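Visitor: Hi, could you walk me through a helix and some aromatic rings in the model I have open?
Guide: Happy to, let's bring it up.

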Amino acid sequence: MNCRELTIQLFLFPFSITLLSMESEPLLRIEDLEVGLGRNSGTRVVDGLTLEIRKGEILALVGESGSGKTVTALALLNLLAEQDLRIVSGRILFKGRDLRTLPPREWQQVRGKQIAMVFQEPGAALNPVIRCGDQIGEVLVWHERLNATAARGRALELMQEVGLPDVQDLYRSYPHQLSGGMKQRIHLAMALACNPELLIADEPTSALDVTVEAQILELIRRQQEKRRLSVLLITHDFGVVGAVAERVAVMYASRIVEVGSVRQILKAPRHPYTLGLLQSIPRIEPGGALRTLPGQIPDLTRPPGGCYFHPRCAYAIDRCRRERPPFEEVEPGHRTACFEHARLAPMSAPPA
């Protein structure tokens, strides 16, 4: 059931009010998350991040490479140790329980089963010496306790569900024998095998051509609707955002700078960074020039003072260099961290 159907029921059936209230509770809420680089370093690669994902929605986390998007995803799944990173503070509430308090044994019931992840490069995420079908089956044996025969049958069903042809042959294939799109579908089948409640998709189409990208995005959208999944979609591409997401969080240099609905973000951004990203999208127009966002993300071992974006911002004032702007609501459901957000309403071109 989608939100529109739920709203219709609100007018038709009195008991739907209770259901609507339950659905409005976030499935995942991140509160003031800070991730540090190295055990003794004060460098923050995720800084004061607060975000929530509601049941059954697709939230896009957008930003340039180096913004902290993937680190955030790894923190949610307790996978930071190998990256020389650690959570310094904050809470990660999944269905009301702080995942940071889970012992290792209970993590095995969350990671891959209740929360699953699709990584950016499927070729690197798949084991090169295990047949593709067996990699899906392994998830089912481990989490669902299926025997080998049942796991094989379910794996074949999942391969068909994600749109793979000739599944009997592909089951016996190794990853190097598949195209990039096929490998991503295998990876997605593994992620969906245990019917997770939250799917984290980290740049799932960045290594694919445009045609296959559209197919994978449509597949994720269909599975999200069918399974009532919540999806955290990590991307740097606003074209992807407009195609599948419902809400958008924009991340810059370890911090969330703007959150709102897709319409609010795409039509009326209220942070100069969001505006710069949107204006940098190539457009096919006669005589149209390619616009760029000047500068680059700062070195987080020596970050600038105040708002991290101010060295690149055409709207910056002295206050931006001294103070960190608060994250405040500018309209219902739309929040931003910018002292000068009023100058971007309605959206305007940057000053000369």
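Visitor: How many residues does helix α10 have, and how far does it reach?
Guide: Helix α10 runs over residues 210–227, so to speak, with 18 residues, and reaches 26 Å from its first C-alpha to its last, close to the 26 Å expected at 1.5 Å a residue. The expected span is 1.5 Å times one less than the number of residues. Helices (H or I, at least four residues) and strands (E, at least two) are DSSP runs, numbered from the N terminus. This is a predicted model, where local features need pLDDT of at least 70 and side-chain atom pairs count only at pLDDT 80 or more, while totals for chains, interfaces and linings use all residues. Residues are numbered from 1 along each chain as its sequence is written, and side-chain values use heavy atoms, with hydrogens and water left out.

Visitor: Which residues of α10 are buried?
Guide: V212, E213, I216, L217, L219, I220, Q223, Q224 and R227. Buried means under 20% relative accessible area, exposed over 50%, and partly exposed in between (1.4 Å probe, protein chains only).

Visitor: Why are they on the same side of α10?
Guide: Because they cover an arc of only 155 degrees around the axis, taking the directions from the helix axis to the C-beta atoms. The face turned away from the buried side of α10 carries the exposed residues V210, T211 and K226.

Visitor: And what covers the buried residues?
Guide: The cover includes β3 (58–62), α7 (148–161), α9 (180–192), β8 (230–235) and α11 (238–244); contact means heavy atoms within 4.5 Å.

Visitor: OK, rings now. How many aromatic pairs are there?
Guide: The structure holds 3. Rings of Phe, Tyr and Trp (its six-membered ring) pair if their centres lie within 6.5 Å; planes under 30 degrees apart count as stacked, over 60 as edge-to-face and the rest as tilted. One of the pairs is Y252 with Y273, tilted at 4.5 Å centre to centre and 55 degrees between the planes. Y252 sits in strand β9 (residues 247–252) and Y273 in helix α13 (residues 272–279), 21 residues apart.

Visitor: Are those two buried or exposed?
Guide: Both Y252 and Y273 are buried.

Visitor: Why is the pair of Y273 and F309 edge-to-face?
Guide: Because the ring centres are 5.4 Å apart and the planes are at 65 degrees. F309 is in the loop between α13 and α14 (318–322), 36 residues from Y273. Ring pairs link Y252, Y273 and F309 into a cluster.
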